[in-house]
Number of protein chains: 2
Amino acid sequence: MNILSGLRIVESVAFVAAPLSGMTLAQLGADVIRCDPLEGGLDAQRWPLAKNGRSLYWVGLNKGKRSIAVNTRTPEGQELVTALIASPGEGGGIFCTNLPATGWMSYEKLRTRRDDLIMLNVLGNADGTSAVDYTVNCAVGFPFATGPEHGQAAVNPVNHVLPAWDAVTGIMSALGLLAAERERRLTGKGQLVRLPLADVAMAMVGNLGWLAKAQVNDEEHFSVGNYLYGAYGCEFRTRDARYVYVVAITRRMWEELGRTTGLTEKFRQLEAIYEVDLGKEGDRYRIRTAITALLEPWFAARTLADVDAGFAGSGVCWGPYRTFQQLVREDARCSTANPMFKAIEQPGIGSYLVPSSPLQFSLHERESPRRAPMLGEHTDEVLSELLAMTTAQIGALRDRKIVGGPIELPARPH
Amino acid sequence: MNILSGLRIVESVAFVAAPLSGMTLAQLGADVIRCDPLEGGLDAQRWPLAKNGRSLYWVGLNKGKRSIAVNTRTPEGQELVTALIASPGEGGGIFCTNLPATGWMSYEKLRTRRDDLIMLNVLGNADGTSAVDYTVNCAVGFPFATGPEHGQAAVNPVNHVLPAWDAVTGIMSALGLLAAERERRLTGKGQLVRLPLADVAMAMVGNLGWLAKAQVNDEEHFSVGNYLYGAYGCEFRTRDARYVYVVAITRRMWEELGRTTGLTEKFRQLEAIYEVDLGKEGDRYRIRTAITALLEPWFAARTLADVDAGFAGSGVCWGPYRTFQQLVREDARCSTANPMFKAIEQPGIGSYLVPSSPLQFSLHERESPRRAPMLGEHTDEVLSELLAMTTAQIGALRDRKIVGGPIELPARPH
């Protein structure tokens, strides 16, 4: 029993945001049934790939779900998925899609089968036109504010590599579903929930103050490299060619940085020279390069292990930079020392560290991470359990290639 | 009436993730009461700032909340906040903090006053040590995979500017609160919910397949510049010195790109030369530079307006790059043409575009965006409404500087 046990979501999804939404709910105990074409959906081969060509991305975003493989290009396949969505039960009648929600998959059509249907439609743009993380991120200002400082606006865009808008949209989708399910519990009413990825991004730019800066100050924002905008934060190279990031946002972080590096007195001298008060975050930002020039030799004289030892137990807020491989090799938080992770076996791929939900609820034991299903691994189970179909009925559907599975994800060695 | 009307959350928070959580719930109709020291909290002066020195960031992340200013360094102030948290009501008894949850603010202490208390504690690291977006992001691999391609691992880290982990953690916190509130409705039981920002980041790296790539493939991931990893996506410069990003993740996007640029036949010739199948996303990635060399002249010969006209109505997935100022000046999605935005007046700062929630619920009219409160704007209202205090009682608290407000955010012109 996990916190969302009893909820059931049927999904017809691809790529990041919508699959992440279902996976997030599955990791909290919801029964999430992903419907895919017999040969896999649009995202069945998305990179990163294992060396044998199977998608590490697909198995990452579909953990803990059940999978049914069904050909929805046929009326019979459409009817099966509709029946699954509309199947009775207090926690059921919830459908999530980011594919075109038209025809048999429209809210109007589906709700004729279950009046209290909750449907989540994750969109690119609010008007239904297509947009993905990359084509939205370019529009919202951040790429021109990322990367090495060059003092110019609107040149040298640097894209993020984390699909951040997908990630935020995915979690917000799950939030929208829970909000709608809460209302259904209180009133008995279902509804359509829409979430456009572009709106998620533009709202966040507003939430963080960047739209106001552009409008109220009539001011462009240039990249400041890796500096933390508005306080002190900078990366340093250590003697053993490692990098660390150090921040001093609060006054206490700043004081601790001075104390542990022995530079408090020199920082005071900087205050006199530059006529600033380094107790104030904005002043630390203003003379950031002068502060960095004092700190650089301290880091350059020390190895990463020395820095770690020097800051241990202090109030300095810092962290080492790591590649993905260094992360899994060095960081205890990304190992089985962290109860969020377990090494589990994903059939067809191998054994590796898999996370469960980062949310910890005191009334529930942490659920062990679960692997992703094979394509159509639960076809028979789901049809028999939710639609009370017999083995003979399912066999007939299989014969006509209306349903299928289990099969491995399609693979193409690279 | 919005979808979360009837919920009440008391929060004692700072910076991004935790305030964003409360704001997200406030925008869906919850009554969110932020408690701050009389002079403002740790984040009251965070940049970006208006030219008059007021925090655009603070007002962005506290929209639609009520504000009470109370000195919790005094036992009386602590008792007031405790009484607010524990005040009766079906939707109340929910507390959120990312400050040290010890002493009077510990879950154990607070739940003695309301047994069904739900408390959300947003942490840096799971062990309670401090970590912020910047000191976690550096550890999770992305900065070494961002920025210009250079073919080396573990050099030239490029930080993201969007505090993506804060954003994801904030929305996931709101999800955790709704999940706990759902369980309380079903069982009557409250609980402690913990969410460490570091775990959010490391889980997401796993969800997206990067941990598996590092472990199963034993392979490092280098930056590929602005290329989309594993399919085709690239930025182009137009004749009028603008930039656009074009993606071809699905086969249809790829075919439309060839059709609209008139390059289908040349793409076919590339397939023969490089012995690849450009209908497959991985092959488009493999010969990305050859594809780019064909497309570059097409974009260089056209203005942004030409590109827009050329792709209009097609299935090409693309978007222009924009600075923050270009975003508010050019993008209809970031204007009052989008019902998510309204220009509203924030006292002490001015009028600018403010977003409401990107979530759209069919049973609810979209709520108009609301401004942030002044510090302590609702001190009297909240104390009288929730604790039934009289004007005389509140006046006495004011005289002893236990409560205060309303005041403007502290300002320091820059």
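Where is A:Asp218 found? A:Asp218 lies in the loop between helix H8 (210-216) and S7 of chain A, where helices (H or I, at least four residues) and strands (E, at least two) are DSSP runs numbered from the N terminus. Although A:Asp218 is not a glycine, its phi is positive, at about 50°.

The structure is a predicted model, in which local features need pLDDT of at least 70 and side-chain atom pairs count only at pLDDT 80 or more, while totals for chains, interfaces and linings use all residues. Residues are numbered from 1 along each chain as its sequence is written, chains are lettered from A and ligands numbered from 1 in the order in which they are written, and side-chain values use heavy atoms, with hydrogens and water left out.

The relation between the chains is described next. Two copies of a chain are related by a rotation about an axis and a shift along it. Chain B is superposed on chain A by a rotation of 180° with 0.0 Å of shift along the axis, at an RMSD of 0.0 Å. This is the relation of a two-fold axis. The superposition is by least squares on the C-alpha atoms of residues with pLDDT of at least 70 in both copies. Of the interface residues of chain B, 100% are also interface residues in chain A, so the copies meet through the same surface. Contact here means heavy atoms within 4.5 Å.

Helix packing was examined in chain A. Two packed helices are described by the angle between their axes and the distance between the axes. Axes are lines fitted to C-alpha atoms, for helices over the stretch in contact, and angles run from 0 to 180 degrees between N-to-C directions. The axes of helix H1 (residues 17-26) and helix H6 (residues 164-187) of chain A come within 7 Å and cross at roughly 50°. H1(A) and H6(A) are therefore oblique to each other; angles under 35 degrees count as roughly parallel, over 145 as roughly antiparallel, 65 to 115 as roughly perpendicular and the rest as oblique. The crossing of H1(A) with H6(A) is right-handed. A crossing is called right-handed if the near helix is turned clockwise from the far one by less than a right angle, and left-handed if anticlockwise. Residues of H1(A) in this contact include A:Leu20 and A:Leu25, and those of H6(A) include A:Ile171 and A:Leu177. By class, the residues of the contact between H1(A) and H6(A) comprise eight nonpolar, five polar and one charged. In this division Ala, Val, Leu, Ile, Met, Phe, Trp, Tyr, Cys and Pro count as nonpolar, Asp, Glu, Lys and Arg as charged, and the others, Gly among them, as polar.

A second pair consists of helix H10 (residues 264-274) and helix H12 (residues 288-300) of chain A, whose axes come within 11 Å and cross at roughly 155°. H10(A) and H12(A) are therefore roughly antiparallel to each other, and their crossing is right-handed. From H10(A), A:Lys266, A:Phe267, A:Leu270 and A:Tyr274 meet A:Ala290, A:Ile291, A:Leu294 and A:Leu295 of H12(A). The contact of H10(A) with H12(A) contains seven nonpolar, no polar and one charged residues.

H12(A) also lies across S7 and S8 of chain A, at about 35° to S7(A). Strands of a sheet pair through backbone hydrogen bonds, either parallel or antiparallel. In chain A, three strands form an open sheet in the order S7-S8-S9 with antiparallel pairing; two strands pair if DSSP finds at least two bridges between them. The edge strands are S7 (232-237) and S9 (317-320) of chain A, each of which pairs on one side only. Neighbouring strands of the sheet are turned by 15° against each other on average, direction ignored. Four bridges link strand S8 (residues 243-248) of chain A to S9(A) in the antiparallel sense, and A:Trp318 in S9(A) is the bridge partner of A:Val246.

Local features were also identified. A cis peptide bond, with omega about 0°, joins A:Gly405 and A:Pro406, and A:Pro406 is found in the segment after strand S13 (403-404) of chain A. In chain B, the peptide bond from B:Gly405 to B:Pro406 is likewise cis, with omega near 0°.
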